[in-house]
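Here are my notes on the model you sent over. Have it open while you read, and tell me where you disagree.

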Amino acid sequence: MLKVKAYTWFKNQVSDDNVDNLDFEHGCDVDKDMKVNYMCLTAHFIDDDWNLHKRILNFCPIIGHKSEEISKGVEKCLLEWSIDRIFTITVDNASSNDGAMVYLKKKLENWGHNILGGKYVHMRCMAHIINLVVQDGLKGKDEHEAISRIRGAVRWNSTYLMLEAATCLKRAFDAYEDIDLAYMTDLSKKPFDGVPIESDWDRAKLLLKFLKHFYNLTLCIFGSSYVTSNIVFHEICKVDLLLKRWLNSEDVELSEMAEK
């Protein structure tokens, strides 16, 4: 009964009398163990009382991540919810999304609700752009090896949070290396590169200094309970100034990462 009430409430909210336009957030992922592709479509809208809402409309398996499969999946979801008034759709920077957005723009034109000629339908995810910037900065061989060894020791995906937690526990990892032979044996096997060495920890401290600003920026613009489009430019300018300052830093390694 609760699900039915929630569905009815949302359907009423997106009716012609309540919400003029909807913003969408689209994301795809792959379950590597199950070998299944997933798609998630989230709607953002403001009600009559100027309250910002976020609702997941669909989380479903799709055949693949090609543009046709993505666009047809989004179209199917929109038709099921009887939604045809869309202002923006936010996606990451994969080329398949570019093709999907071209298809969806044409569909919106056919439906007669292509707001402002579809000029703002295709929005690129700022958090994903920031991630690409950071990945470029971490492409150096030394950075990759240091992160790989520390990640192998803690088995954690988020690079910044992983390094932050691991550096605080460096003495514990050193002691573990002395008392547990299995620790060294396991980390000497692929895909790991061995246990963290002293130079890895030094580099981790440097990387934390580099990553902290991008992590905070991502938290700032990735909020879903408040509007973020009005703060993006200001935050990006702060990062631009920071990178320029690092370029002139006496720390050679920090300067090289900023240059990338």
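The points below go from the whole chain down to single pairs of residues.

1. Ground rules. This is a predicted model, in which local features need pLDDT of at least 70 and side-chain atom pairs count only at pLDDT 80 or more, while totals for chains, interfaces and linings use all residues. Residues are numbered from 1 along each chain as its sequence is written, and side-chain values use heavy atoms, with hydrogens and water left out.

2. The chain overall. I get eleven helices and five strands; these are DSSP runs (helices H or I, at least four residues; strands E, at least two), numbered from the N terminus. Of the 260 residues, 37% are buried, where buried means under 20% relative accessible area, exposed over 50%, and partly exposed in between (1.4 Å probe, protein chains only). Among contacts with a separation of 6 or more, 63% are between residues 24 or more positions apart; a contact is heavy atoms within 4.5 Å. The accessible surface is about 15,900 Å², and carbon and sulfur atoms own 55% of that (Shrake-Rupley, 1.4 Å probe; for residues, only the protein chains shown count as cover).

3. The α9/α10 pair. Have a look at α9 (residues 198-221) against α10 (residues 232-247): their axes are 10 Å apart and the packing angle is about 175°. That makes the two helices α9 and α10 roughly antiparallel. Axes here are lines fitted to C-alpha atoms, for helices over the stretch in contact, with angles running from 0 to 180 degrees between N-to-C directions; under 35 degrees is roughly parallel, over 145 roughly antiparallel, 65 to 115 roughly perpendicular, and the rest oblique. The α9 side of the contact includes Phe 210, Phe 214 and Leu 217, and the α10 side includes Ile 236, Val 239 and Trp 246.

4. Asn 58. Is this strand residue buried or exposed? Asn 58 sits in β3 (residues 52-62) and counts as buried, at 18% relative accessibility. Leaving aside residues up to four places away in sequence, Asn 58 touches Met 39, Cys 40, Leu 41 and Cys 77.

5. A nonpolar patch on the surface. Ile 46, Trp 50, Leu 52 and Val 227 make it up, with about 430 Å² of accessible area together. Patch residues have over 30% relative accessible area and no salt bridge; like charges are joined within 9 Å, nonpolar side chains (Val, Leu, Ile, Met, Phe, Trp, Tyr) within 5 Å. Trp 50 is in the loop between β2 (36-46) and β3 and is exposed, at 73%.

6. Salt bridges. There are nine, each a side-chain nitrogen of Lys or Arg within 4 Å of a carboxyl oxygen of Asp or Glu. Lys 72 pairs with Glu 68, closest N and O atoms 3.7 Å apart; being four residues apart in α2 (residues 67-80), they are separated by about one helical turn. Lys 72 is partly exposed at 39%, while Glu 68 is exposed at 54%.

7. Asp 98 and Arg 124 form a salt bridge at 3.3 Å between the closest N and O atoms. This pair links distant parts of the chain, with Asp 98 in α3 (residues 95-111) and Arg 124 in β5 (residues 122-124), 26 residues apart. Lys 170, Asp 174 and Glu 198 are also linked in a salt-bridge network.
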